[in-house]
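Here are my notes after a look through the model you sent. Have it open beside you as you read.

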Amino acid sequence: MYDKFGEEYNLTRINKKPERLFNEFLEIPCMIKAVGKIKNKKLLDIGCGTGDHAKKYLKLGAKVAGVDISKTMINISKVNCPDAEFKIASMNKLPFKDNSFEIITASLVVDYIKDLKKAFREVNRVLKKGSLFFYSDQSIISGAREKVRIDNKLYNVVGYIKDDNKEKTCFGNCWKSYVRTVELVPGMKVNQHVRPMRNHLFAIKQAGFELVDLIDCKPTADFKKYDPKTYKIYTKFPLFNIFVCKKK
Ligand SMILES: C[S@@+](CC[C@H](N)C(=O)[O-])C[C@H]1O[C@@H](n2cnc3c(N)ncnc32)[C@H](O)[C@@H]1O
């Protein structure tokens with residue numbers, strides 16, 4: 001899908017359309033803040049997409065490499081960010097030697113990965129001992145939402161209580177593991193894995209990492225300028241989490 005619709009997807013990123021505000025003014029600034037000082041560090045960005053993160057990491061002085069499974073996305077990254085090194089590759093099989101990087105990031109990619117443990121083992125292999133792996137994903141609470149019709153409108157909620165003939169139904173399920181289909185641009189339907197927290201923690205541990213932080217991402221003030229209503233929602237609960245994992 002990213003191969004087929006990559007150019008259209010990139011345009012929505014450039015134009016900062018409402019559905020892309022979540023990247024520009026929520027995930028990206030949160031990830032940039034999380035990685036902190038990266039000057040002269042060897043950084044790998046997995047699932048680099050349009051190269052937007054790579055561009056920012058370069059500006060902060062890192063030596064940046066990026067991989068993505070999609071050829072279209074890699075071509076866009078090369079144009080957006082000519083000073084980084086990009087390769088077509090999957091997170092499941094990284095074309096680098098053991099202990100090659102001092103930081104590894106993966107923004108909004110693991111929802112496309114079926115076997116988290118396998119992919120994390122590969123990340124662990126190419127990361128130096130004691131170094132950090134930052135990955136973002138839809139937050140646990142966001143993934144737990146369920147659709148409910150209230151006054152003939154559809155809402156995606158956790159915790160709303162419907163009281164039908166004294167029978168109470170609470171929507172949302174934090175234990176549910178499922179695949180959801182999302183349309184990123186018209187016709188671009190992608191399947192994403194939504195996981196409970198335990199699945200993340202298990203894969204992190206099994207792959208040889210220690211979870212050192214879990215960040216709840218908040219939108220920036222710029223988000224508010226474009227879409228104040230959605231901004232307000234995501235100042236109340238996190239749409240994304242960033243998992244910070246240290247190679248043991
Ligand atoms: C939602 S986009 C995120 C792009 C970028 N990281 C960002 O946040 O702007 C997901 C990206 O992951 C890539 N991807 C999906 N499965 C992958 C895999 N197994 N290995 C590497 N990249 C993958 C897609 O091609 C796409 O570019």
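1. Start with helix α7, residues 197-206: this helix lies across β12 and β13 (240-247), and its direction runs at about 145° to β12. Bear in mind throughout that this is a predicted model.

2. Now for the sheet those two strands belong to. It is an open one, built from 7 strands in the order β3-β2-β1-β4-β5-β13-β12, with mixed pairing. The edges are taken by β3 (85-88) and β12 (209-216); each has a single partner strand, so one side of each is left without a neighbour in the sheet. On average, neighbouring strands here are turned by 20° against each other, if you ignore direction.

3. At the β3 end, strand β2 (residues 63-68) and β3 run parallel and are joined by 4 bridges.

4. Next, the inside. Which residues touch the most other members of the largest nonpolar core? They are Leu26, Leu43, Ile104, Phe120 and Phe133, out of 59 residues in that core. Helix α2 (residues 21-35) supplies the largest share, 7 residues.

5. Phe120 deserves a click of its own. Setting aside neighbours within four places in sequence, Phe120 is in contact with Ala203, Ile204, Ala207 and Phe209.

Methods: Residues numbered from 1 in each chain as written. Predicted model: local features only at pLDDT ≥ 70, side-chain atom pairs only at ≥ 80, totals over all residues. Core = buried A, V, L, I, M, F, W, Y, C linked by C-beta atoms within 7 Å. Buried ≥ 20, exposed ≤ 12 C-beta atoms within 10 Å, placed from the backbone. Contact = placed C-beta atoms within 7 Å. Pairing = 2+ DSSP bridges. Axes fitted to C-alpha atoms, helices over the stretch in contact; angles between N-to-C directions.
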